[in-house]
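Dear colleague,

I am handing over the structure below for your review. My findings follow it, and I would be grateful if you read them alongside the model.

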Amino acid sequence: MTETNAGHPDLPRDGNANGRNEAVLRESREADNHLISRRKLLAAMGVAGVGIASAGLLGSGAAFAKDKAQALNLQDPNCWAVSVADLRAMTDPDEHFLYYVIDRGKEGLFYYDPADATSTDNVGTVLVSSAGKRFKRVVGEVVDVKWFGAIGDGASHPLSEQFATLESAQAVYRHANALTNEIDWCSIQAAIEYVKTAAVATTRVYIPKGTYLVNQAIRPEVDNIVILGTTGSVISLQFDYIALLVNKTTPPSTKPEAVYNVTVKDLTFTAPNGYGPNNAGIVAFNHCIDLLVDNLRVVGNSALLTSRQRITNGIATSQGTSGVIRNCVVDGVSKPGYYMANGSRDIRVEGCEARNVSGHLGYQPGMGVSGCDRITFVNCISHNNQGAGLQITTDGYPSPGGTPATNVQVIGGQFYDNGGHGIWMGTNVAGQYPRDVQIIGADTSGNKLHGVNISAGRRISIVDHTSKGNGSSGIFVDNGARLVSTVDVINPNVYNNATALTIGGVVIRGAERVTIQGGRVFDDQTTKTQDYGIEIFPDSQSLKPANIRILDVQVFGNVQDYALTTVQGVNVEATSGFYRIRHDGNPEGNLSAPPGSEYTDASTGNKYIKVNGTGNTGWKQLVVVV
């Protein structure tokens, strides 16, 4: 036993808690008029005191042992500093004493339970001495994975380092299934299993600073559990599977069961050697209700994942998962960094970033929504990805009809410098399409293709959107597959696009029920690239746009401000709708528009009405008779 406190000056200071010392302790206790029981001590300390002491926050070693009573604000606590080895060597402990373990990483209070002769030594919260005495940890607000043997030094430590047989390893880590299991994984899972099975008030599992190697999935399948790290807490994936997974099942059924209120926060997950699951996330949640994922970093190696043809997401949800994902970064995976997959619902993704997503399948987006309902992205950033910044599409399950993404909101955020589109809405299921999508106040700029590309979707709103410097158009409404209808573009700020392709700023191809209202579409570059402000043309089968409304849009500075010539050999015109346009020049013979449209010549103030036809003739000047 280490140095004793001032309350018992007669105790030896030789650091050896043997039977002789125990006898002295017992005699001292019997003679001490100030003795308080373990129960009174714990009551005096309260939850906060127990939590501090159990977490080792009061220090360790002789400095703590020298004056524990003052540190805990108790006059005579009968609490002694010991090592784990000291406890394991005790043959006649005293149930009235508390023992403070000072081993680094295992600090905390223990008590002897004379009524227990059966509990298994789990190296963390139950220690069994050579004489069969059970010492129980006093658990405060968190359960520390290092209590259970986690090392966290970034090196591989298989169970075979400490155990000769799997059977002996399973005596401590019941969930172990091979001597090749990493001790770090076994320890983290042991802490989770303790929270899952023990009658303790806390469900908070703490992973201190360090790099912990895992070659099995961490499974926090416990209601109300909190997996909590800190700056520098790293989980390093060392096999081709998921690093952290919620997928609770009861065999033989494989259907996920609901797990409620799981929180995972302040952790980094890395897959530095190209390890990763196929068609799943490094962090994955199935049927996880009211999930909170906060301040995670998920870092892969897209080059190695691609060379190994691993199809790996960063953070993935599916099958009824709901909740909040916020303040996270996913970097360098080979499939969408954030993937809300089939069955996800009511998920808010806020302040998250996806970058450098690239895989052997090609055109992988930074963020993806497929077959989900009520997904909201708020102030997210997605950039330098192989495909789109954000992809909103249809899941192929259940076959053959699939499930569309519905009720998706994108509020604010930036989707830039991607190898595909900034935001893409489409489908990979025949006849199916996303529905009820709102993009509000976002920015799609500098992307290789379109800023926003809608190739499948119904009831789409794009409001207060900025799109600039994209290789193709700023906003492209493309009904080539006959799956686009009812699109509203309100107050767009679209400029200086078409840097790689001759095309307009806003383009409507064969779509119906499209409104463009307010805002600006312009090119202010010295060398202009944006061919038209607003361009309208039919699809590949000569289907012309219908029910097109263009209202009070400022269009200026483009090579040509409105499409005034023919495209693909067919006259550029909408078969129905209404335009209200103010521009320079006479529209007759120059501007195609539906009947009833209104035009004001900004240079003269003359007003015109489209009285017949859908082509560029049939305009009549409005004459005011006084």
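Helix H7 covers residues 183-197, and at 1.5 Å a residue its 15 residues should span 21 Å; the end C-alpha atoms lie 20 Å apart, which agrees. Please note that this is a predicted model.

Of the 15 residues in H7, 12 are buried, so that the helix is mostly covered. Among them are Trp-185, Ile-188, Ile-192 and Tyr-194.

The largest nonpolar core has 110 residues, and Tyr-173, Phe-269, Phe-285, Ile-315 and Tyr-338 have the most contacts inside it. H7 gives the most to this core, with nine residues. Leaving aside residues up to four places away in sequence, Tyr-338 touches Ile-315, Ile-325, Val-330 and Met-367, among others. Another core, of 12 residues, lies apart from the largest one and includes Val-84, Leu-87, Val-101 and Phe-135. In soluble globular proteins, nonpolar side chains tend to be buried together.

There is also an open sheet of five strands, with mixed pairing, in the order E1-E2-E3-E5-E4. Strand E1 (79-82) and strand E4 (126-128) stand at the edges with a single partner strand each, so one side of each has no neighbour in the sheet. From one strand to the next, the twist averages 30°. E4 pairs with strand E5 (residues 134-137) in the antiparallel sense over three bridges, and Arg-134 in E5 is the bridge partner of Val-128.

Yours sincerely

Definitions and conventions
Residues are numbered from 1 along each chain as its sequence is written. This is a predicted model: local features need pLDDT of at least 70, side-chain atom pairs count only at pLDDT 80 or more; totals for chains, interfaces and linings use all residues. Side-chain values use heavy atoms; hydrogens and water are left out. Helices (H or I, at least four residues) and strands (E, at least two) are DSSP runs, numbered from the N terminus. The expected span of a helix is 1.5 Å times one less than its number of residues. Buried means under 20% relative accessible area, exposed over 50%, partly exposed in between (1.4 Å probe, protein chains only). Two strands pair if DSSP finds at least two bridges between them. Axes are lines fitted to C-alpha atoms, for helices over the stretch in contact, and angles run from 0 to 180 degrees between N-to-C directions. A nonpolar core is a set of buried Ala, Val, Leu, Ile, Met, Phe, Trp, Tyr and Cys residues joined through side-chain atoms within 4.5 Å. Contact means heavy atoms within 4.5 Å.
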